[in-house]
Structures are given as C-alpha cells and as structure tokens.
Amino acid sequence: MQAVLLQRVAQRDPDAMRECVARFGGLVWSLARRAGLSDSDCEDVSQEIFSELWTVSSRYDPDIAGETAFVATIARRRIIDRQRRLGSQRSMIAGAAA
C-alpha cells in the first residue's frame, strides 16, 4: 500500500511536498481570501502554512481525519494568527497617529 501524501511529506520527500502544494494550494489560497487577506498576505500565509506542514506532517494520523481536514486545520490556525498580527499592527499605527 502506498503511503498517503502527508506521510510521504513526513519522510521528507521533496516530490511529495510539491504534490502537496499542487493538491492543497487552491484550498489554502481560498481560505486565506475568504478571511479577507490581501494577495500579498495570502502569499505570505500560504508559505507559512506549507512550511508548517513540512514540519508537522509527522503528526498526521489518517485514522483521526483526512488529509484535507488536517491541512485545512493548519491553514485556519495560521490565517487566524496572520489576522491577529495584522490587527495589532493596525492598532499600533492608529495609536501612533493619534
């Protein structure tokens, strides 16, 4: 039986990572856009998400959830982090202007 994609990523297979980006890139991008992020923030957060997937893919357990759910959960967390960072930066800028 062939290993699932995230298990191959966990084994540090560079081809698997390219396949992961190809398979889940649209999902990640659409989640970021739906969250209201700009194109440049979508690019940044997408890179953060795939970088994190490279690091935490060994935690993926196919008995708990599907790969799409795992990727979407990681993406959601990173997107929320990005929104919080952007919100605090805007607050600091607004406070400095007052």
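Predicted model: local features only at pLDDT ≥ 70, side-chain atom pairs only at ≥ 80, totals over all residues.
The protein contains four helices and zero strands, and along the sequence the elements follow the pattern α-α-α-α. Of its 98 residues, 31% are buried. The protein exposes about 6,200 Å², and carbon and sulfur atoms supply 51% of this area. When contacts between residues at least 6 apart in sequence are considered, 62% join residues at least 24 apart.

Helix α2 covers residues 14–34. With 21 residues at 1.5 Å a residue, α2 should span 30 Å, and the distance of 29 Å between its end C-alpha atoms agrees with this value. At the start of α2, a side-chain oxygen of aspartate 13 lies within 2.9 Å of the backbone nitrogen of aspartate 15. A bend of about 50 degrees occurs at phenylalanine 24, a residue that is also among the buried residues of α2. Just after α2, glycine 36 adopts a positive phi of about 90 degrees.

Serine 57 is located in the loop between α3 (39–56) and α4 (67–97). Its relative accessibility is 2%, so serine 57 counts as buried, the cut-off being under 20%. Leaving aside residues up to four places away in sequence, serine 57 touches Leu6, Val9, Ala10, Arg12 and Phe70.

Notes: Residues numbered from 1 in each chain as written. Heavy atoms only, no water. Helix = DSSP H or I, 4+ residues; strand = E, 2+ residues; numbered from the N terminus. Expected span 1.5 Å × (residues − 1). Bend = angle between axes of the 7 residues up to and from the residue. Buried < 20%, exposed > 50% of the residue type's maximum accessible area, 1.4 Å probe, protein only. Polar contact = N/O pair within 3.5 Å; in protein donor to acceptor, adjacent residues only side chain to side chain. Contact = heavy atoms within 4.5 Å. Areas by Shrake-Rupley, 256 points an atom, 1.4 Å probe, with all protein chains shown as cover.
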